2 protein chains.
Amino acid sequence: SLHRIKASGLKLQLCTNETQATRENFVRKLRAMGFDISVAQVTAPAPAACRLLRERGLRPHLLVHDDLVPEFAEIDKTNPNCVVLGDAAENFTYANLNEAFRLLIGMEKPVLISLGKGRYYKETDGLKLDVGAYMKALEYACDIQAEVVGKPAKRFFESALTELGVPPEQAIMIGDDIVSDVGGAQQCGMRALQVRTGKYRPSDENHPEVKPDAYVNNLAEAVDIILQEL
Amino acid sequence: SLHRIKASGLKLQLCTNETQATRENFVRKLRAMGFDISVAQVTAPAPAACRLLRERGLRPHLLVHDDLVPEFAEIDKTNPNCVVLGDAAENFTYANLNEAFRLLIGMEKPVLISLGKGRYYKETDGLKLDVGAYMKALEYACDIQAEVVGKPAKRFFESALTELGVPPEQAIMIGDDIVSDVGGAQQCGMRALQVRTGKYRPSDENHPEVKPDAYVNNLAEAVDIILQEL
């Protein structure tokens with residue numbers, strides 16, 4: 001499907017909420033699976049967070065996965081004035097959570113930037129709490145609202161559109177997550193297709209707030225439809 | 001102050017949200033400090049939770065402090081159909097949180113019982129996230145509401161009144177926490193004094209929802225007032 005998109009001359013950008021690896025490692029994995037993707041074709045929460053940190057002169061304390069730390073290499077992290085939270089997995093220790101909390105509660109106006117707000121995800125050894133759960137813990141303890149920079153944040157899709165160099169009405173999002181993918185893209189003025197694979201659940205078709213522009217059985221069918229309409 | 005209450009013939013019950021120790025150990029600590037208190041004079045979340053578990057035939061998975069486990073000795077914990085959450089402190093590991101989450105998400109109707117909803121507390125080595133933060137994490141991940149059995153739950157104050165054998169209008173709560181102590185007791189029909197010590201903050205006096213029946217500078221002053229009014 002990716003080959004067909006490329007051959008058609010359409011532009012392609014991957015929008016991922018992956019925060020357990022740098023884009024470099026993410027792309028390396030995809031290329032090893034045979035997908036011809038470059039780092040510039042990936043929009044991910046960590047680079048979006050870096051842009052936001054730079055714009056606002058924020059120096060983060062990181063509570064993220066070890067493998068994500070290199071994304072923040074160029075960012076000043078001395079004397080932190082905000083906390084950046086990712087899916088830290090094994091780094092979600094009692095001590096690390098208390099440390100992030102103490103930094104936040106000690107700030108005059110605590111700033112918590114979350115690289116997503118997923119509830120949970122599945123790994124081979126079972127379900128795991130995702131970054132959203134820990135975000136809620138810190139929000140409650142500090143009585144604050146986190147700023148979410150991954151999907152479904154509008155800003156995140158705007159970044160992807162900037163990378164593509166196209167206005168929202170000329171872009172189509174294809175995704176399996178009714179809220180993060182479909183809802184986020186639509187709020188940004190894009191059309192969005194939901195694939196009936198991956199995270200898709202039949203109950204998504206009765207979602208109280210989000211309605212995709214169309215359902216497709218899989219990515220191949222999405223590409224068929226898009227190419228037909230060109 | 002406790003001596004004067006006792007000497008006056010007034011009944012006394014301590015209402016604590018302590019969930020890092022059994023009532024026995026809690027009382028032992030108080031007695032070592034010279035306070036003449038018995039276990040029966042302590043209302044605490046764990047025994048309240050045990051009553052609730054028995055009434056509803058619930059078998060808990062415990063995510064609590066090691067020192068609290070003996071409070072649940074008589075409770076059937078095989079094949080759990082609910083999760084009981086306390087201030088587990090060092091037991092709030094990534095693995096333990098995922099385990100509690102998996103049990104909940106696997107239940108047809110997840111039941112989460114929380115022994116409090118405190119945001120944080122202070123120890124000699126600094127601020128620590130309290131049980132409420134972890135409760136919010138599990139609530140969000142499972143899209144559920146926890147049942148809170150500690151202060152400020154109405155049920156909790158009702159238990160204390162039952163132990164005392166007095167109706168709410170004949171009881172006065174003295175506490176330092178505007179929401180958990182004052183608000184909880186008042187919702188139960190008791191009057192409540194806030195002491196200007198401990199957790200008290202001047203901003204409490206502008207609390208949007210809770211207004212104590214009176215402020216006192218400390219426990220001794222509270223006892224003075226109560227004895228004068230007798």
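These are legends for close-up views of a predicted model.

In this prediction, local features need pLDDT of at least 70 and side-chain atom pairs pLDDT 80 or more, while totals for chains, interfaces and linings use all residues. Residues count from 1 along each chain as its sequence is written, chains are lettered from A in the order written, and side-chain values use heavy atoms, without hydrogens and water.

**View 1. The open sheet of chain A.** Four strands line up as β3-β4-β5-β8 with parallel pairing (strands are DSSP E runs of at least two residues, helices H or I runs of at least four; pairing takes at least two DSSP bridges). Zoom in on β4 (residues 82-85) and β5 (residues 112-114) of chain A, and you'll find three bridges joining them; A:Val84 has A:Ile113 as its bridge partner.

**View 2. Helices across the sheet.** Helix α3 (residues 45-56) of chain A lies across β3, β4, β5 and β8 of chain A, at about 155° to β5(A). Helix α4 (residues 94-105) of chain A lies across β3, β4 and β5 of chain A, at about 155° to β3(A). Contact here means heavy atoms within 4.5 Å; axes are lines fitted to C-alpha atoms, for helices over the stretch in contact, with angles from 0 to 180 degrees between N-to-C directions.
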